[in-house]
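Hi,

Here is the structure we talked about.

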Amino acid sequence: MGVIPEASTIISLVFFYATTFAKFEQGYPTGRPIVSYQRKHHLQTAVAAVAFMECDLIVLGVSPGFGARLLPICQRPTTYSVGLHSKICPSVRSLLLSRLKSCSCAVVNVVESNPISDVTQKHARNSEERVHQVGLDNRNVGDQGIVGGNVKARSLVWDGKKRLIQYSGMLRTCASQGALNEGKAIHGQVIKNGIHPDMHLWVSLVNVYSKCGDSLYARKVLGEMPDRDVVSWTTLIHGFVVKGLGVDAVNLFCEMKKDDTRANDFSLATGLKACSLCLDLGFGKQLHAEAVKAGFFSDDFVGSALVDLYAKCGQLELANKVLFCMPEQNVVSWNALLNGYAQEGNGNQVLKLFCKMTELDMRLNKFTLSTVLKGCANVENLRAGQVVHSLVVKVGFEVDEFLGCSLVDMYSKCRMAIDAVKVFRTIKDPDVVAWSAIITCLDQQGQYQEMARLFHSMISTGISPNQFTLSSIISAATDLGDLRFGESIHTLIWKYGYESDLPVSNALITMYMKIGCVKNGAQVFEAMTEHDLISWNALLSGAHDLGPRVFHQMLAEGRKPNMYSFISILRSCSSLLDADLGKQVHSHIIKTSLHDNDFVGTALIDMYAKSRLLDDAVIAFSRLSNRDLFSWTVIITGYVQSDQAEKAVASFSQMQQEGVKPNEFTLAGCLSACSRIAMLENGR
């Protein structure tokens, strides 16, 4: 025929022939010929088509009900069908065989090119039963007589090896795209068609389930494998590592060893990556010893994984030794060590290693430069950051979202907001991460107007903000004290579905409390499904009248107060002049070993001074290791309000001797003391 018909054409052909046969079965009035020569020709063709297409419909996944309607002859006894087959004339028989072989091939092509369909998923369970009913067994391919008489036909010949390769390729695609449902559908096709997987297909099945996050099915497939080798085990472990399940991956590695499977270089590197994820330094050292024993220490992947493990676990000296003991150092191992020092905040060491890396003519990539920029930001080394920026331009790297965010962060930490904005504007298509970075930068530098304009531009370009963007813009509204602006941001939070996000809700509570809308802040707090210590502290920071009740409720729910919790409740006690509660809080502070904290101590001095308990205030003041201007002002004002002007003046003189410069409030308190004791000369 030249052209292979589509599945719809095949079904239409069979439907036409089957309809003709149905009319023949109904018969005609008595005395008339039952069937003409033309009808006999259609009948014979329909019978042969049914014999071939019954198998093809099963392969296509057609339901039994639809098959029964489409092919009535399928429901007839086999002997009856065979009897009809024997009446096919030779000319029709040869034409049918050529056509139906093409049809069968077309059906196979349709199934193989698109094995994932609703019909396939719906009928995968009873596929084996239907294949058995029509006698199609892909495991035994050969010449079979499917009709009686002299008519013989060759059954569907499946190229087994090619099909296994094709299924493996489709499963790899599903794994790379995270398409779990499609992977399950392909697995169903494998089972449905009675295919016996080879080792490669087994590994592909394990790979798709593990990388798509279905660890249960991945384990089941591994358990059903007739022969588990190091490749299958490593595939499952690697899938867990990709999903960030470090602990499970380590446990699987232990199971592999119990299964007497010897690890290779790739499995050791994967196991070390798993240890890096869960920071399991002890097991990582065991794998290090095994790598040395097995002779894999010189492998690039194993060496880089070891450097990464020791760097992430804070063992930077060991990471250094491993790197410089490697026979061939690559950019991956260098980046791992650089990132370890950057995470530790040791920007100077990052710069030293980077200089050594350039001396060795190591090839730099974007991750290298981004890590060095992070080190420059940690130590606020603007000059070094600008040198790296010029290197980015010299090498020819495009300032994309990855490098752009690092440059923005570096200029932000070095208090160069204008340069950060210039870098941001060079990014071609900034994503939400880049937008969040520049908005956070402007928030930290107090550039609230420019920050609001950029936020409006981000919304206008169609990019939806994330929780970090919204938290930064809420912080700007808090510092501006603009209630209307804050309420508009609150509306956007509802629009983009972040009303239940914990950090965003905490920022909203803080904003409302600092602006003075205690009721709105309390409503946000009550609407939250979960609260952390930051939520309670945000509520305490503004609810001075409700402070004691909020503090008691926080303790009742098992929350352990921190420094900010005690400062807020002490301020509440000061405003309510509740010295009894203040003393109870003081005892709680001593129990939690925060009595030496200068910020908590200053809040205690303020509470005791306003409650006219100057002796307790003086004791708390004497325990301060660093007396700042605020603590001196509080103690001087407390002496003045308690009619102890001489002590107030003496404290002022002592403050000056310690080199603390007074402000207007300190001077006002001291002048008030002078006026009370009529010391005009001292007052002048």
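Let's start with the aromatics: there are seven aromatic pairs in the structure. The rule used is that rings of Phe, Tyr and Trp (its six-membered ring) pair if their centres lie within 6.5 Å, with planes under 30 degrees apart called stacked, over 60 edge-to-face and the rest tilted. One of the pairs is F253 with F283, edge-to-face, at 6.0 Å centre to centre and with 80° between the planes. F253 sits in helix α13 (residues 246-258) and F283 in helix α15 (residues 281-294), so this pair ties together parts that are 30 residues apart in sequence. Helices (H or I, at least four residues) and strands (E, at least two) are DSSP runs, numbered from the N terminus. F253 and F283 are both buried, where buried means under 20% relative accessible area, exposed over 50%, and partly exposed in between (1.4 Å probe, protein chains only).

Another edge-to-face pair is F621 with W632, at 4.9 Å centre to centre and 75° between the planes. Here F621 belongs to helix α35 (residues 614-622) and W632 to helix α36 (residues 629-641), so the pair ties together parts eleven residues apart in sequence. F621 and W632 are both buried too.

Before going on, a word on where this comes from. This is a predicted model, so local features need pLDDT of at least 70 and side-chain atom pairs count only at pLDDT 80 or more, while totals for chains, interfaces and linings use all residues. Residues are numbered from 1 along each chain as its sequence is written, and side-chain values use heavy atoms, with hydrogens and water left out.

Now the cysteines. A disulfide is a covalent bond between the sulfur atoms of two cysteines. Taking a disulfide as a pair of cysteine sulfur atoms within 2.5 Å, the count is zero. C212 is in no disulfide, and the nearest cysteine sulfur, that of C174, is 7.2 Å away. C212 counts as buried, at 15% relative accessibility. For C254, the closest cysteine sulfur is in C275, 8.6 Å off and too far for a bond. C254 is partly exposed, with a relative accessible area of 29%.

The overall picture: the protein chain has 39 helices and two strands. Of its 684 residues, 46% count as buried. If you take contacts (heavy atoms within 4.5 Å) between residues at least 6 apart in sequence, 64% join residues at least 24 apart.

The buried residues of α20 include T368, L369, V372 and C376, and the buried set packs against α18 (331-343), α19 (347-359), α21 (382-395) and α22 (401-413). At the start of α20, a side-chain oxygen of N365 comes to within 3.2 Å of the backbone nitrogen of F367.

Helix α32 (residues 563-576) has 14 residues and reaches 20 Å from its first C-alpha to its last, close to the 20 Å expected. Ten of the 14 residues of α32 are buried, so this helix is largely enclosed by the rest of the structure. Its cover includes α30 (533-542), α31 (547-556), α33 (579-591) and α34. N562 caps the N-terminal end of α32, with a side-chain oxygen 3.2 Å from the backbone nitrogen of Y564.

Last, some backbone angles. Most residues other than glycine have a negative phi. E380 has a positive phi of about 55° although it is not a glycine; E380 lies in the loop between α20 and α21 and is partly exposed, at 43% relative accessibility. R612 also has a positive phi, near 60°, and is found in the loop between α34 (598-610) and α35. At 54% relative accessibility, R612 counts as exposed. Just after α32, L577 takes a positive phi of about 50°.

Cheers

Note on methods. Polar contact = N/O pair within 3.5 Å; in protein donor to acceptor, adjacent residues only side chain to side chain. Expected span 1.5 Å × (residues − 1).
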